[in-house]
Amino acid sequence: CPATYIGIWDAIRKILAGANLAKERGYTASRFSFNAKGGRCEACAGQGLRTIEMNFLPEIKVVCESCGGMRFNPQTLEVLWKGRSVGDILKMPVQEAAEFFASIPSVQRPLKLLASVGLGYLTLGQPSPTLSGGEAQRLKLVAELVKVRPIANATGNTGTVFVLDEPTVGLHMADVQKLVNVLHQLVDAGNTVIVVE
């Protein structure tokens with residue numbers, strides 16, 4: 001999902017583990033992993049969806065009746081940070097999450113980057129297989145951009161070299177413009193961008 005791919009999910013899990021109720025109950029950050037037993041909903045193995053085999057038809061996915069698609073068990077969902085549970089946070093669109101985590105720059109910066117490349121509508125917990133090719137490509141680009149720190153003074157500093165092979169394939173023209181704006185920001189920050197189009 002976008003939150004794990006851009007590397008902010010561990011920080012969010014630690015934030016939730018720091019909530020008063022989580023401390024009282026002795027919950028650690030691992031409690032808020034949808035991939036590990038303990039805090040996740042076991043009926044759907046933390047996916048929020050269950051797969052139904054249809055024999056001669058393609059399988060279908062339905063919302064888990066145990067957790068209602070929230071991915072976690074009731075005890076884990078009782079832990080709130082700023083009034084939101086771990087399930088609520090995973091359902092937040094990127095744009096909303098960037099505002100929600102405004103006080104935590106290490107989480108907000110990657111979210112703002114996602115929004116800047118036109119992915120502000122994705123939810124933090126959206127399953128990766130549901131992303132289009134263009135969305136997946138921009139998500140990968142943001143995962144790399146997150147690793148680059150802005151350069152305060154580019155004098156004498158060569159920055160990072162980015163080589164992008166056909167980065168606009170499959171993108172809508174409005175999204176192409178957003179991508180170009182991000183690439184200009186990278187260059188303005190002292191980095192080098194090589195684009196093969």
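**Figure 1. Surroundings of Leu-111 in the predicted model.** Setting aside residues within four places in sequence, Leu-111 is in contact with Ile-6, Ile-8, Val-94, Ala-97, Ala-98, Phe-101 and Leu-124. The structure shown here and in the other views is a predicted model. Leu-111 is also one of the residues that touch the most other members of the largest nonpolar core, together with Ile-12, Ile-89 and Phe-101. This core holds 53 residues. Two or more residues each come from helix H2 (9-17), helix H5 (86-90), helix H6 (94-100), H7, H8, S3 and H9.

**Figure 2. Helix H8 and the elements packed against it.** H8 covers residues 133-145, 13 residues in total. From its first C-alpha to its last the helix reaches 18 Å, close to the 18 Å expected at 1.5 Å a residue. Its buried residues are Gly-134, Glu-135, Arg-138, Leu-139, Leu-141, Val-142, Ala-143 and Leu-145. An α-helix has 3.6 residues a turn, so residues three or four places apart point the same way.

**Figure 3. Contact of helices H7 and H8.** The axes of the two helices, H7 and H8, come within 10 Å and cross at roughly 145 degrees. The crossing of H7 with H8 is right-handed. On the H7 side the contact is made by Arg-109, Pro-110, Leu-113 and Leu-114, and these meet Leu-139, Val-142 and Leu-145 of H8. By class, the residues of this contact are six nonpolar, no polar and one charged.

**Figure 4. Leu-113 in helix H7.** Leu-113 is part of helix H7. Its relative accessibility is 14%, and because this is under 20% the residue counts as buried. Not counting residues up to four places away in sequence, Leu-113 touches Val-142, Leu-145 and Val-146. Gly-190 is 77 residues from Leu-113 in sequence, and their C-alpha atoms are 17 Å apart in space.

**Figure 5. Gly-133 in helix H8.** Gly-133 lies in H8, the helix that covers residues 133-145. With a relative accessibility of 57%, Gly-133 counts as exposed, whereas Gly-134 in H8 is buried.

Figure 6. Ser-33 is placed in the loop between H3 and S1. Its relative accessibility of 12% is why Ser-33 counts as buried. Apart from residues up to four places away in sequence, Ser-33 touches Arg-13, Arg-40 and Phe-72. Ala-45 is also found in the loop that runs between helix H3 (20-25) and strand S1 (49-54). Ala-45 counts as partly exposed, because its relative accessibility is 32%. The phi of Ala-45 is near 55 degrees, a positive value in a residue other than glycine.

**Figure 7. Asn-55 in the loop between S1 and S2.** Asn-55 is found in the loop between S1 and strand S2 (57-63). Although Asn-55 is not a glycine, it has a positive phi of about 55 degrees. Asn-55 counts as exposed, because its relative accessibility is 74%.

Key:
Residues numbered from 1 in each chain as written. Predicted model: local features only at pLDDT ≥ 70, side-chain atom pairs only at ≥ 80, totals over all residues. Heavy atoms only, no water. Helix = DSSP H or I, 4+ residues; strand = E, 2+ residues; numbered from the N terminus. Expected span 1.5 Å × (residues − 1). Buried < 20%, exposed > 50% of the residue type's maximum accessible area, 1.4 Å probe, protein only. Core = buried A, V, L, I, M, F, W, Y, C linked by side-chain atoms within 4.5 Å. Contact = heavy atoms within 4.5 Å. Axes fitted to C-alpha atoms, helices over the stretch in contact; angles between N-to-C directions. Left-handed = near helix turned anticlockwise from the far one by under 90°. Nonpolar A, V, L, I, M, F, W, Y, C, P; charged D, E, K, R; others polar.
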